[in-house]
Amino acid sequence: MTAPASTTVGHDPRTSPDAPGTEPPGRVPLAGRPAPAPAAAAHRRSAPGPTTGPRAPGGAPPGAAERAAWLEKLLGDPDDLRNPHGYGALLAADDRREVPAATEALLTDAGLTAEFVPQELGGRLIRPDILARVLRPVFRRDVALGFGHGITSLFGASAVWAAGDEHQRRQAARVLLAGGRTPILHHELAHANAILRDEFTARSAPGGGFVLDGCKDVVINADRADAYVMYARTATSTGPRSHSVLLLDPEQLPPGGLHRLPRALTPGMRGSRFSGLSFTDCPAGADTLVGSLGDGIPLALRTYQVNRCLIPATVVAGVDSVLRFAVRAATTGRPAGVPPRRWHTVLTGVFADLLACDAMAVTGLRALSLLPDSSHLLAAAVKMTMPDLLREDLEELSTVLGAHGYDRGPRYGGFQKLVRDLPVAGLGHAGTAACQAVIVPQLRTLAQRSWFRTDEPAGRLFLPSAPLPAFDYRRLTLSGSEDVLTASLIGSAERLGPLRATGAACAALADLADAFVQEMRALREQCAALPDIARAALVDPRACALADRYVLVLAAAACLGVWQGQDGTDTFLSDPAWAVLALTRIGRRLGVPVPDLPDGTTPPVLEEVLARYRDHRSFDLYDTQLAG
């Protein structure tokens with residue numbers, strides 16, 4: 001591909017392509033990154049927080065809930081116009097197509113990138129579900145900020161955590177612990193958008209190592225990266241061993257080998273820094289290879305399991321904010337702060353959807369720690385299901401917002417920004433087609449060997465507060481073919497039977513659970529008849545339709561698992577009303593028979609929506625106290 005005017009990388013001044021004369025933050029070679037400066041370290045240690053006692057890297061408290069609360073407090077009330085990290089400042093930066101520099105600096109000083117480094121390497125990454133919870137305060141305010149200053153660096157480093165040698169793992173850890181960035185340079189497998197299907201190649205050099213070529217026009221943080229994780233073609237033939245992963249330090253590449261291309265302007269995530277990279281006969285040492293030659297696609301498939309759950313789990317926080325906008329619009333000026341009756345169904349339905357999405361995302365994230373050998377199917381299901389549900393929710397909420405949905409000011413402008421940002425956020429991870437490619441070939445095997453045969457998982461899979469083994473990227477595999485979530489669904493339906501007599505809500509929930517079990521029986525029969533050749537199944541429209549139905553059943557199973565896990569507690573989540581509403585909405589999308597909502601289902605859900613809005617509490621499973 002012919003590159004436009006570019007900046008050559010080597011011993012150049014590293015001027016930003018779209019801001020001539022400005023100097024990006026200095027970079028230090030991977031092998032010699034210093035510890036944070038004493039002044040910065042002192043600032044981090046003195047950062048305010050709700051807890052005292054031992055601090056993790058960056059001054060954050062050690063516990064997940066405490067770190068999330070600490071970050072929420074640091075970012076402050078998003079509705080306060082005086083807050084440099086509030087909606088007003090973030091929307092203004094987006095309008096100028098600039099990164100919110102003050103908020104990025106705050107997050108750097110808070111040591112946010114330490115969340116992406118495994119604990120054994122000096123960071124705070126213990127489990128993906130903990131990571132998602134800690135990141136939600138950022139995504140609640142600005143999805144683009146969460147990507148650009150957040151999880152895209154984890155997506156790059158994950159291959160190093162999974163297959164890097166000890167030296168490479170410590171190199172990548174040094175970058176992130178110092179607040180640096182490690183963007184990922186994907187190969188074609190990662191994308192569903194043709195604009196991103198450019199490719200890098202790495203051919204063997206005569207004296208050892210590689211010679212890099214290729215160009216990509218759209219890479220987030222390409223112009224301010226401290227390391228690149230490149231998926232490059234190393235074989236001339238196609239197949240599962242065609243690509244390899246390289247860890248590259250831009251400071252160590254010779255002059256003229258790497259060129260930075262001008263910034264690419266995008267319709268969403270407008271402040272994020274997307275630009276291109278072009279490699280031309282660029283030598284790279286043999287020690288840049290992560291894992292073995294040909295490990296690229298297997299590594300991608302293993303590490304994408306985390307991405308596929310983490311992205312929806314964090315984006316939930318952005319939709320949480322839009323529900324808050326809608327409640328504000330519906331209750332402002334109303335007697336006792338109660339919305340008109342015509343909006344009760346929308347507000348309660350979207351709230352139930354958010355809880356259902358969170359149940360599925362948190363279950364998927366927890367499965368990565370508890371069931372690393374069989375979590376890949378659930379991860380793909382999370383990615384297939386949640387984006388569509390959340391998009392539908394945004395459409396429903398737009399009817400409540402009305403004219404406020406076009407407001408670009410700080411009170412409601414976050415809605416339009418999220419609508420713009422979400423499609424672009426999909427640039428950084430595998431799309432629905434790639435997730436179907438994981439699930440569809442397994443449907444026949446699942447139908448014949450797993451469904452109605454596999455044992456139920458441990459109940460702690462569904463309980464966000466329950467302890468789990470520490471997560472390790474190196475334990476993720478693609479070999480498991482058991483579906484524990486459908487086993488949980490069947491068990492939930494059996495346990496609900498005796499509860500029918502306890503009330504109309506439990507009776508309705510039992511009926512819904514039975515309807516989903518019957519759907520699984522139908523799926524088993526139809527999936528068992530699919531072609532036994534994976535390629536044939538992938539091009540069979542029936543198989544794709546069956547996969548779409550199957551993942552919705554898994555969403556229902558996750559809801560039931562979370563609800564039953566509340567047994568013995570006296571919380572809103574222990575009330576069957578939200579689960580009845582959530583499963584009814586999933587069942588209607590699926591087209592299975594669903595009972596009428598029992599009288600009294602909606603009022604407690606609406607009451608909870610209004611209480612969480614008034615008390616500044618999140619609309620997710622964690623019911624977190626928010627700044628405001």
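**Strand pairing, salt bridges and cysteines in a predicted model**

Modeller: In β6, the residue that M230 has as its bridge partner is L246. This is a predicted model, in which local features need pLDDT of at least 70 and side-chain atom pairs count only at pLDDT 80 or more, while totals for chains, interfaces and linings use all residues. Residues are numbered from 1 along each chain as its sequence is written, and side-chain values use heavy atoms, with hydrogens and water left out.

Biologist: How many bridges join β5 to β6, and which way do they run?

Modeller: Strand β5 (residues 228–233) is joined to β6 by 6 bridges, and the two run antiparallel. Two strands count as paired if DSSP finds at least two bridges between them, and strands (E, at least two residues) and helices (H or I, at least four) are DSSP runs numbered from the N terminus.

Biologist: And what joins β6 to β9?

Modeller: There are 2 bridges between β6 and strand β9 (residues 289–290), again in an antiparallel arrangement, and the partner of V245 in β9 is V290.

Biologist: Is β6 mostly covered or exposed?

Modeller: Strand β6 (residues 243–248) is mostly covered, with 6 of its 6 residues buried, where buried means under 20% relative accessible area, exposed over 50% and partly exposed in between, using a 1.4 Å probe and protein chains only. H243, V245 and L247 point one way from the strand, S244, L246 and L248 point the other way, and all are buried. In a regular strand the side chains alternate between the two faces of the sheet.

Biologist: Switching to charges, how many salt bridges are there?

Modeller: The count comes to 46 salt bridges, a salt bridge being a side-chain nitrogen of Lys or Arg within 4 Å of a carboxyl oxygen of Asp or Glu. One of them is between K417 and D142, whose closest N and O atoms are 2.7 Å apart. K417 lies in helix α11 (residues 413–425) and D142 in the loop between α5 (128–141) and α6 (143–163), so this pair ties together parts that are 275 residues apart in sequence.

Biologist: Are K417 and D142 buried or exposed?

Modeller: K417 counts as buried at 5% relative accessibility, and D142 is buried with a relative accessible area of 5%.

Biologist: What about E166 and R170?

Modeller: Their side chains meet in a salt bridge, at 3.1 Å from N to O. E166 and R170 are 4 residues apart in helix α7 (residues 166–177), so about one helical turn separates them. E166 is partly exposed at 42% relative accessible area, and R170 is partly exposed at 40%.

Biologist: And where do R612 and E608 sit?

Modeller: R612 and E608 are in helix α18 (residues 602–614), 4 residues apart and separated by about one helical turn. Their side chains form a salt bridge with 2.8 Å between N and O, and both residues are buried. Elsewhere, salt bridges that share partners join D94, D95, D142, R270, R408, K417, R420 and D421 into one network.

Biologist: Now cysteines, how many disulfides?

Modeller: The structure holds 0 disulfides, a disulfide being a pair of cysteine sulfur atoms within 2.5 Å. For C435, the nearest cysteine sulfur is that of C309, 9.4 Å away. C435 is buried, with a relative accessible area of 0%, and C506 counts as buried at 13% relative accessibility.

Biologist: Last one, what does T385 touch?

Modeller: Not counting residues up to four places away in sequence, T385 touches M360, V551, L552 and A555, contact meaning heavy atoms within 4.5 Å. T385 lies in helix α10 (residues 376–401) and is buried, at 4% relative accessible area.
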